[in-house]
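Reader: Happy to look at this one with you. Could you show me the model and then take my questions about the labels attached to it?

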Amino acid sequence: MRNLCAPFLGLVLCLAMGGVAFADGFAETRDRIIYEVNLRQHTEAGTFDAFREHLPRLHDMGVGVLWLMPIHPIGEENRKGTLGSYYAATDYKDVNPEFGTRRDFKELVEAAHELGMLVVLDWVPNHTAWDHEWTRSHPERYAKGPDGGFRPPNDDWVDVIQLDYSNSDTRAAMLDAMLYWVREFEVDGFRADVAEMIPKDFWIAAIERLRRERDMFMLAEGGAPWLHEAGFEATYGWGLGDRLMRVYAGENDAADVRRFLIEDTAAITAADDSAFRMFFTTNHDWNTWNGLAIERLGEMWEAATVLTFTAPGMPMIYNGQEAGLDKRLEFFEKDPIEWRADSSADLYRRLAQLKKDEPALHHGESGGTIVHINTNDPDRLLAFRRVAEGSEIIVLANLSGEPVEVRGVRTEPDARYADLYGYPTEVPERLDAWGWHLLVRR
């Protein structure tokens, strides 16, 4: 459970009000969707200013949180590819000059805030580039290899070197750098890269301190329940996407997806009843290294997308998906997205609006609990209901390549339902292969 009595002034107010919190340091995200921004590839220019022109479009599509992949200068020593990895930073308090200036970034944050969107920075606390300024000024902040020199975290990440969190100075410097972006640029939170590789006690102290400055949204790249105990409200929902891919590959079925949703929801809410997952059909890792969402999910792509928006979590869109992204974006080279009209944008817009309008689809404590429906064909048909504050959503998904009959799904007597597009509807008699249907109580 969240500690609603914030430190210092918040604690005084909390006590004075008989335990009612004045503010708890958590950014409000319960009805928001998140959009991952690969700045290098989002536009031809690949700059803060060029991306800022997309903000009205993203706002209209329903995006509430912008997650920017790391914006720091990129190392040159042992660099991978021509431009290097976002995740090999040389200075935690500067911006990559390829993207623009600090002023450009501040103007981007201000423009997003004017539209009501939160801005989250991708943060890489586990490792830096070999030529990070700390390697000269504070080499003691790094873990050492057998020869006493710097070492990569593993055999693949050869362009970066491991930091040492047994050193209190490393911890203090990392928190100081994070606070810099909160104080100077008013960022609204962080996505913590490989968060499980950092000690839990660091996250507990750092997140508590960050939330003294302003309301924060904290997203961990990791799935361990202890991350929620440490203060992250959102963690990666790798499991849902992985199981859906295996369903399409013929390795699993709807029953496996159902078991995952039951067990995973129980695991994270046991750690913190306000916790939730971030669900997605792709992200920068999967797109580059594992293939396009349409390659991995095929004809099931729409049903999978609907599930990421209606399961109890925060849905994420990777940049370019709304334009029918049809290529693996290069990770270490310039490879801009080809922007064009695509029906995906309308699907995302409608699903985002539904999530905003219907309390049943909110994530965290305020959303509707997922109640799975026993149907005639549990191995192929995934069916569940979510209800909250007079809002009811019924979700049906045929997770098979054959048509399936729909029996066992009941609606409230005399209640009226609409589909995603607002047209009157009722429980269908069957769903086509990889088909889906939503019923929204009106």
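What follows is a conversation about how the labels for this predicted model come about.

Reader: Let's begin with the whole chain. What makes the radius of gyration of the protein chain agree with a compact globule?

Author: Good place to start! For 442 residues, the globule rule puts a compact globule near 22 Å, and the protein chain has 22 Å, so the two agree. Along its principal axes, the C-alpha trace spans about 70 × 55 × 45 Å.

Reader: How many helices and strands does the secondary structure of the protein chain come to?

Author: The chain has 15 helices and 18 strands.

Reader: And what share of the residues in the protein chain is buried?

Author: Buried residues account for 58% of the 442. As for the surface, the chain exposes about 17900 Å², with carbon and sulfur atoms supplying 49% of that area. Among contacts with a separation of 6 or more, 69% join residues 24 or more positions apart.

Reader: Thanks! Why is α5 called roughly perpendicular to α7?

Author: Here the axes of α5 (residues 102-114) and α7 (residues 168-185) cross at roughly 65 degrees and come within 11 Å. The range for roughly perpendicular is 65 to 115 degrees, so α5 gets that label relative to α7. Arg102, Phe105, Lys106 and Val109 of α5 make the contact with Tyr180, Trp181, Glu184 and Phe185 of α7. By class, the contact has five nonpolar, no polar and three charged residues.

Reader: Staying with α7, how do you know that Met178 is buried?

Author: Met178, which lies in helix α7, has a relative accessible area of 0%. Buried means under 20%, so Met178 is buried. Setting aside residues up to four places away in sequence, Met178 touches Trp123, Phe190, Trp203 and Leu210. The C-alpha atoms of Met178 and Leu439 are 261 residues apart along the chain and separated by 43 Å.

Reader: What makes Phe202 count as buried?

Author: Phe202 is in helix α8. Its relative accessibility is 4%, so Phe202 counts as buried. Leaving out neighbours within four places in sequence, Phe202 is in contact with Tyr165, Arg171, Met174 and Leu175. From Phe202 to Met174 there are 28 residues in sequence and 9.9 Å in space, C-alpha to C-alpha.

Reader: Then why is Glu229 called partly exposed?

Author: Glu229 belongs to helix α9 (residues 226-229), and its relative accessibility is 45%. Partly exposed covers the range between the buried cut-off of 20% and the exposed cut-off of 50%, so Glu229 is given that label. Beyond its neighbours within four places, Glu229 is in contact with Lys200 and Ala271.

Reader: One last topic, the loops. Which phi value does Asn78 have, and is Asn78 a glycine or not a glycine?

Author: Asn78 is not a glycine, yet it has a positive phi of about 60 degrees. Asn78 lies in the loop between β2 (63-68) and α5. With 39% relative accessibility, Asn78 counts as partly exposed.

Reader: And how do you know whether Val194 is buried or exposed?

Author: The relative accessible area of Val194 is 14%; that is under the cut-off of 20%, so Val194 is buried. Val194 has a positive phi of about 35 degrees although it is not a glycine. Val194 is found in the loop between β6 (189-192) and α8 (200-213).

How values were computed
Residues are numbered from 1 along each chain as its sequence is written. This is a predicted model: local features need pLDDT of at least 70, side-chain atom pairs count only at pLDDT 80 or more; totals for chains, interfaces and linings use all residues. Side-chain values use heavy atoms; hydrogens and water are left out. Helices (H or I, at least four residues) and strands (E, at least two) are DSSP runs, numbered from the N terminus. The radius of gyration is taken over C-alpha atoms; the globule rule is 2.2 Å times the number of residues to the power 0.38. Buried means under 20% relative accessible area, exposed over 50%, partly exposed in between (1.4 Å probe, protein chains only). Contact means heavy atoms within 4.5 Å. Accessible areas come from the Shrake-Rupley method with a 1.4 Å probe; for residues, only the protein chains shown count as cover. Axes are lines fitted to C-alpha atoms, for helices over the stretch in contact, and angles run from 0 to 180 degrees between N-to-C directions. Angles under 35 degrees count as roughly parallel, over 145 as roughly antiparallel, 65 to 115 as roughly perpendicular and the rest as oblique. Ala, Val, Leu, Ile, Met, Phe, Trp, Tyr, Cys and Pro count as nonpolar, Asp, Glu, Lys and Arg as charged, and the others, Gly among them, as polar.
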